Amino acid sequence: MTKATHTAEAIRAAMDHLIDRATNYDIDALQSIYHDDFHTTLVAPDSTVTTFNKQEFIEHFRKQAEAGKHQLNTWAEWHDFHILGDTGVSVLTRKHSGMNDQEMKLLCNIEWRFEDGRWQVLREAIFMQPLDS
């Protein structure tokens, strides 16, 4: 029997919460959403790769909040959710300008781990593309 916490709906709810809190620069919430072993890989349109650990990524959001950035775009198109045990994956497309101040399409593969009674983001692979691609 599948646990109520281990469903596509639960991962979708966790992803919606992440989008809501990240696009509003909620640093306290991000501390709880991102796993201590979090790692993200961003691939820019020119194939430049940037990586962040948890604290580096949260600092990126903190600097944007301190600079008075407005709320980021919350648009998302959902492609897939997969759960295997205490891990899950969300595959989606996003639009926002939080990485380089230019509105971009973000192709995202986000890995989740269920730990300490909640889903936490463990890994993100984000491929940035111009909106017109």
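Asp-116 sits in the loop between strand 5 (104-115) and strand 6; helices (H or I, at least four residues) and strands (E, at least two) are DSSP runs, numbered from the N terminus. Asp-116 counts as exposed, at 64% relative accessibility. Here, buried means under 20% relative accessible area, exposed over 50%, and partly exposed in between (1.4 Å probe, protein chains only). The phi of Asp-116 is near 55°, a positive value in a residue other than glycine.

A quick note on what you're looking at: this is a predicted model, where local features need pLDDT of at least 70, side-chain atom pairs count only at pLDDT 80 or more, and totals for chains, interfaces and linings use all residues. Residues are numbered from 1 along each chain as its sequence is written, and side-chain values use heavy atoms, with hydrogens and water left out.

Most residues other than glycine have a negative phi. Ser-47 has a positive one, of about 75°, although it is not a glycine. You'll find Ser-47 in the loop between strand 1 and strand 2, and it is exposed, with a relative accessible area of 55%.

Two helices are also followed by a residue with positive phi. After helix 1 comes Tyr-25, with phi near 55°, and after helix 3 comes Gly-68, with phi near 80°.

## Helix 1

Helix 1 is made of 16 residues and reaches 22 Å from its first C-alpha to its last, close to the 22 Å expected at 1.5 Å a residue. That expected span is 1.5 Å times one less than the number of residues in the helix. The buried residues of helix 1 are Ala-10, Ile-11, Ala-14, Met-15, Leu-18, Ile-19, Arg-21, Ala-22 and Thr-23.

Now for helix 3, which runs over residues 54-66. Its 13 residues reach 18 Å from the first C-alpha to the last, close to the expected 18 Å. Which residues of helix 3 are buried? They are Lys-54, Phe-57, Ile-58, His-60, Phe-61 and Gln-64. Seen down the axis of helix 3, these buried residues fall within an arc of 145°, so they line one face of the helix; the arc is that of the directions from the helix axis to the C-beta atoms. What covers them includes helix 1 (8-23), helix 2 (27-33), strand 1 (34-43), strand 2 (49-53) and strand 6 (118-130).

On the face turned away from the buried side, helix 3 carries the exposed residues Lys-63 and Glu-66. Glu-59, also found in helix 3, counts as partly exposed at 31% relative accessibility. Ala-65 and Gln-129 are 64 residues apart in sequence and 24 Å apart in space, C-alpha to C-alpha. At the start of helix 3, a side-chain oxygen of Asn-53 reaches to within 3.1 Å of the backbone nitrogen of Gln-55.

## Rings together

Rings of Phe, Tyr and Trp (its six-membered ring) pair if their centres lie within 6.5 Å; planes under 30 degrees apart count as stacked, over 60 as edge-to-face and the rest as tilted. By this rule the count comes to 8 aromatic pairs. One of them joins Phe-52 and Phe-57, a tilted pair at 5.3 Å centre to centre with 45° between the planes. Both partners are tucked away: Phe-52 is buried at 15% relative accessible area, and Phe-57 is buried at 1%. Ring pairs also link Tyr-25, Tyr-34, Phe-38, Phe-52, Phe-57 and Phe-61 into a cluster.

Thr-93 is found in strand 4 (residues 87-96) and is buried, with a relative accessible area of 7%. What does the side chain of Thr-93 make a polar contact with? The partner is the side chain of His-79, at 2.6 Å. A polar contact is a pair of N or O atoms within 3.5 Å; within protein, one must be able to donate a hydrogen and the other to accept it, and residues adjacent in sequence count only if both atoms are side-chain atoms.

Leaving aside neighbours within four places in sequence, Thr-93 is in contact (heavy atoms within 4.5 Å) with Trp-75, Ala-76, Glu-77, His-79, Lys-105, Leu-106 and Leu-107. As for Trp-75, Lys-95 lies over the face of its ring, at 4.4 Å from the ring centre. A charge sits over a ring if NZ of Lys or CZ of Arg is within 6 Å of the ring centre and within 35 degrees of the ring normal.
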